[in-house]
Amino acid sequence: MTHAARIHVCTYVCTGTMYSHTLSRNTLLRLRRRNNCTSPWYLFFLLCVIASCLVSIALFPPYAQLPMGSREPPRSSPAVSPLHAPRIRLHTPYGDIAIALLTEAAPHTSAHFVALARSGVLSTFSFYRAEDNTFYEPATAFYSLIQGGALGADKKPVSVSSPELDVIEAAHPNSKWTVGVARAAGSNGNTEFYINTSDNSALFEGLAVFGEVVEGREVVLRIQKGAVETQPLMHMLSSYVPITATVDE
């Protein structure tokens, strides 16, 4: 018997006992001597007990919410915590950055970047861009992030021959420390990614977020400080930061 069932049994017994005490002791003794089961008082007592049980069942149904064949209340499976989710680890000269994948919010995008890490494509990338409000006097930037991608021989970003993502999984907001897919207008994106160092949800609505930085946040901030302005509202890192990517199994 479950704990909930014990509580209901006790409720029925106690409620019935309470109603039974509404009759005087002498009245019950008289009914017992007469053995008169048709006495109005005896019938009233039985009706009170039955009514108390029905009211208790109506107010506290023991298994009203249980699925058929189950004896215990259903337990919902907890969402995957970022601390226990699969991870991509980015090794940089400043230290490691661990990205927990949001496999429930962005399963296809997460799998895509895991494939890029395992195939060695991510290990050819570098962090090359950073933005932060504090770079401007007065502050005019609208977001804070660092961005990574492939660089050509001239140290300029280039596209990588990789299949474009089939869908844009934009269920998760671009909150601080999340990782999203950078994309050009009309594209779903494929390999470029960024790490939010502020809450950019209002500005980056519609961009796919697939991970969250759970280790190495101080590394991200160190990389961000190395940016220099190359054109208005555009900052590139003075020294690009190479990446070697692995997947924590």
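Trainee: Where does Asn174 lie?

Mentor: In this predicted model, Asn174 lies in the loop between strand E4 (145–150) and E5.

Trainee: Why is Asn174 called buried?

Mentor: The cut-off for buried is under 20% relative accessible area. Asn174 has 2% relative accessibility, so Asn174 counts as buried.

Trainee: What makes the pair of Asn174 and Tyr194 a polar contact?

Mentor: A polar contact needs N or O atoms within 3.5 Å, one able to donate a hydrogen and the other to accept it. The side chains of Asn174 and Tyr194 make such a contact at 2.6 Å. Beyond its neighbours within four places in sequence, Asn174 is also in contact with other residues, including Asn196, Asp199, Phe204 and Val209.

Trainee: How do you know that the span of H4 agrees with its number of residues?

Mentor: The expected span is 1.5 Å times one less than the number of residues. H4 has 13 residues and should therefore span 18 Å; its end C-alpha atoms are 18 Å apart, which agrees. After H4 comes Gly120, with a positive phi near 95°.

Trainee: Which residues of H4 are buried, and what do they pack against?

Mentor: The buried residues are Thr109, Ser110, His112, Phe113, Val114, Leu116 and Ala117. They pack against strands E1 (87–92), E2 (95–101), E5 (178–181), E6 (193–196), E7 (209–215) and E10 (244–248).

Trainee: What makes E1 and E2 a pair?

Mentor: Two strands pair if there are at least two bridges between them. E1 and E2 have 6, in the antiparallel sense. Leu90 has Ile97 in E2 as its bridge partner, and the two strands form a hairpin with 2 residues between them.

Trainee: How many bridges join E1 and E10?

Mentor: E1 and E10 pair over 5 bridges, also in the antiparallel sense. Ile88 stands opposite Val247 in E10.

Trainee: Why is E1 called mostly covered?

Mentor: Of the 6 residues in E1, 5 are buried.

Notes
Residues are numbered from 1 along each chain as its sequence is written. This is a predicted model: local features need pLDDT of at least 70, side-chain atom pairs count only at pLDDT 80 or more; totals for chains, interfaces and linings use all residues. Side-chain values use heavy atoms; hydrogens and water are left out. Helices (H or I, at least four residues) and strands (E, at least two) are DSSP runs, numbered from the N terminus. Buried means under 20% relative accessible area, exposed over 50%, partly exposed in between (1.4 Å probe, protein chains only). Contact means heavy atoms within 4.5 Å.
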